[in-house]
Each structure stands twice: as structure tokens, then as C-alpha cells.
Amino acid sequence: MKYFMHNKEKISPKLEDQIKKYFTITKTIETEVTIEGKKYIAIVDINSFLLPTNFDCFNCLTNCCVQFPYEFNKKSRKIILENIREYDHLTKAVSILKEEGLTEVEIINSIKHDNMMIPEIHVEKTFDRCTCSCVHIDRNLCALHKICVDKGFSMEEIIDTKPLWCSIYPLEILIDHHGTLYIFVPTKTNDYLALNDSKFPCMDIQMSKSPYFRRENPIGFEKDDYKPFVISYYPILKYILGQTFVNDIMKTLELTTTKDLDVQYNKKI
Ligand code: SF4
Ligand code: SF4
């Protein structure tokens, strides 16, 4: 068994036992998931999808929570290169690498070929998080996402351009040696099984009211804006994991969706 979106991360036999035990005792449904055209059988921790969440990253004053994604695809590299001045204006990544002694040609080659679009030696040393993480006026944003929004991309085009892990974060997916997926939303009861950090105010109403968070985000997050994870993420889950997956979850949890759920994803800043 291994984490589906963290190919490099092997799990210990002890953790594998804990995951299997958890999925034996917790309430699950079996459904079908389609990821990038490939179908999988998935066992889903159904009640974790009820976790109240409020993903509003473009209005959140916290840095991007992903820190470093696992890969940038060809589309993300292409749009960064086509908009390199805007990318540098937002992130200062090109200017910083020049100050570190790189030439423009080396920087462009790094955007084309290096895992994190910066030379490995500068990962964590020069940049403590993804180079796309940026401050725009008073907001911490994803520069890649903002450039896509400014270009008028649809939600689907933005998802296809950004690293997959960023779009679905912090949903956790494991795969066993039969190819069966185990899917859960990290909650207080199961987060010891997750690799993704999920101790965020947008996944914990109490945390959003804490003095620590309110110092960074004076407005805080409104309690009424918290919705079950499957509702907050509905269009994204539907696009990435398939209609059958979201239908089965919504039906089992007896939930209905509201319209225009993807507006926030394409909101201009
Ligand atoms: S805390 Fe939540 S809303 Fe804020 S940036 Fe992180 S994931 Fe987005
Ligand atoms: S690409 Fe954007 S969302 Fe993903 S880690 Fe970088 S800043 Fe965050």
C-alpha cells in the first residue's frame, strides 16, 4: 500500500495495518473513481466527507497550505514561461534566482525541467515553499492559479494546469497492491493516517476563531460558510474523481448541491 499522490512515500507495515484496521471498523462505501481516464474501485470513509469546511484560499491571508507540490505538468510550465514577467512580478522568483547568480537562460531551463521549477539546491534553502506562492496586495495567492484566472480559464482548465495534488489537497488517497483506492478526508479521528497536513482553520471552525488565526486573518471565517467537505469541493471532486464518486457520496449522505459552486475557483482578485 502507498499514498496515491505521494509516489515517493512508502508506508511502514505498522501504518498499513492501522489503515486497514481503520477501514474495517469505520463506515465505508464502495464506489468507482475515474482519475485521468483510468477507473478504480474505491473504498471511501463516508462520514469524513461531512467534515465542515470552508475553502476560501483567495480570501485567506495564510500562505498556501500545500508548501511544495509533487510535480508541475507541461501545461503549468508553459503558462509560467508565457507569462514570466507576471510570474516574477507576483512571486519575485526570477529576480531572486538572478540574485543567487543564475542567468535568465538557466532560470528558463529550470522552469522547463526541474521538479519544483527551481534548481533542487534552492528548494527549502532559498524558497521555503512553492515558488508560485505569492503575496498580491493584501492576499497570499497561488500565482499559477491567478494567472490562469486572469487568462479566463475555466475551473476544469485550471485544474488541468495546476499540480493535481494542489487541486485536491488535503484529501488523502491510498492505493493497495490490487489497485483499490482508500479515500478519506483528514479529520480529528483519522488524521494520524494522513500524510497531508490538515490542521487548517478552513477545516476546523474552532481554529478559525483562535487568537492565533484571528491575528493573521482579522475577519476570520464565518461559521455559516462552512459546508460538508463534499459540498465545498463538489465540482472539483466531480471533475477529478468522477460523477459516480460524487453521486454515491451525496446519495449515501442524503445531501443535495447548490448551484454556482465553482464561482469561487474562478474568482478574479
Ligand atoms: S487555510 Fe484553508 S483557505 Fe487558507 S490557504 Fe490554507 S487551504 Fe486555503
Ligand atoms: S502551485 Fe499554487 S496551490 Fe500548488 S503549492 Fe504552489 S502556490 Fe500552492
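Two strands pair if DSSP finds at least two bridges between them. Helices (H or I, at least four residues) and strands (E, at least two) are DSSP runs, numbered from the N terminus. The legends below describe a predicted model, in which local features need pLDDT of at least 70 and side-chain atom pairs count only at pLDDT 80 or more, while totals for chains, interfaces and linings use all residues. Residues are numbered from 1 along each chain as its sequence is written, and chains are lettered from A and ligands numbered from 1 in the order in which they are written.

View 1. An open sheet is formed by 5 strands in the order 1-7-8-3-2, with mixed pairing. Strand 1 (2-3) and strand 2 (28-35) are the edge strands, each pairing on one side only. Strand 1 runs antiparallel to strand 7 (residues 172-175) and is joined to it by 2 bridges. In this pair, Lys 2 stands opposite Ile 175 of strand 7. Strands of a sheet pair through backbone hydrogen bonds, either parallel or antiparallel.

**View 2. The hairpin of strands 7 and 8.** Strand 7 and strand 8 (residues 181-184) are antiparallel and share 4 bridges. Ile 175 has Leu 181 in strand 8 as its bridge partner. The hairpin has 5 residues between the strands, and Gly 179 takes a positive phi near 90 degrees. Leu 181 also touches Phe 4, Val 33, Tyr 40, Ala 42, Ile 173, Leu 174 and Ile 175, leaving out residues up to four places away in sequence. Two residues are in contact here if their C-beta atoms, placed from the backbone, lie within 7 Å.

View 3. Tyr 169 and Pro 170 are joined by a cis peptide bond, with omega about 0 degrees. Pro 170 belongs to the loop between helix 8 (164-168) and strand 7.

**View 4. The hairpin of strands 5 and 6.** Strand 5 (residues 133-136) pairs with strand 6 (residues 139-142) in the antiparallel sense, over 4 bridges. His 136 lies opposite Arg 139 of strand 6. The two strands form a hairpin with 2 residues between them, and Ile 137 in the turn has a positive phi of about 55 degrees.

**View 5. Two residues with positive phi in one loop.** Met 117 is in the loop between helix 5 (104-113) and strand 5, and Glu 124 is in the loop between helix 5 and strand 5. Met 117 is not a glycine, yet its phi is positive, about 65 degrees. Glu 124, also a residue other than glycine, has a positive phi near 75 degrees. Met 117 counts as buried because it has 23 C-beta neighbours inside 10 Å. Glu 124 has 12 C-beta neighbours inside 10 Å and therefore counts as exposed. A residue is buried if 20 or more other C-beta atoms lie within 10 Å of its own, exposed if 12 or fewer, and partly exposed in between, with C-beta atoms placed from the backbone.

View 6. The residues around ligand 1 are Phe 55, Asp 56, Cys 57, Cys 60, Thr 62, Cys 64, Cys 65, Phe 200, Pro 201 and Cys 202. A residue is near a molecule if its C-beta atom, placed from the backbone, lies within 6 Å of it. This shell has 8 nonpolar, 1 polar and 1 charged residues. Ala, Val, Leu, Ile, Met, Phe, Trp, Tyr, Cys and Pro count as nonpolar, Asp, Glu, Lys and Arg as charged, and the others, Gly among them, as polar.

**View 7. The surroundings of ligand 2.** Around ligand 2 are Cys 64, Val 66, Pro 69, Cys 130, Cys 132, Ser 133, Cys 142, Leu 144, His 145, Lys 162, Pro 163 and Cys 166. By class, the shell around ligand 2 has 9 nonpolar, 2 polar and 1 charged residues.

View 8. The protein is divided into domain 1 (2-58 + 169-266) and domain 2 (66-149), with bounds from an automatic or database domain assignment.
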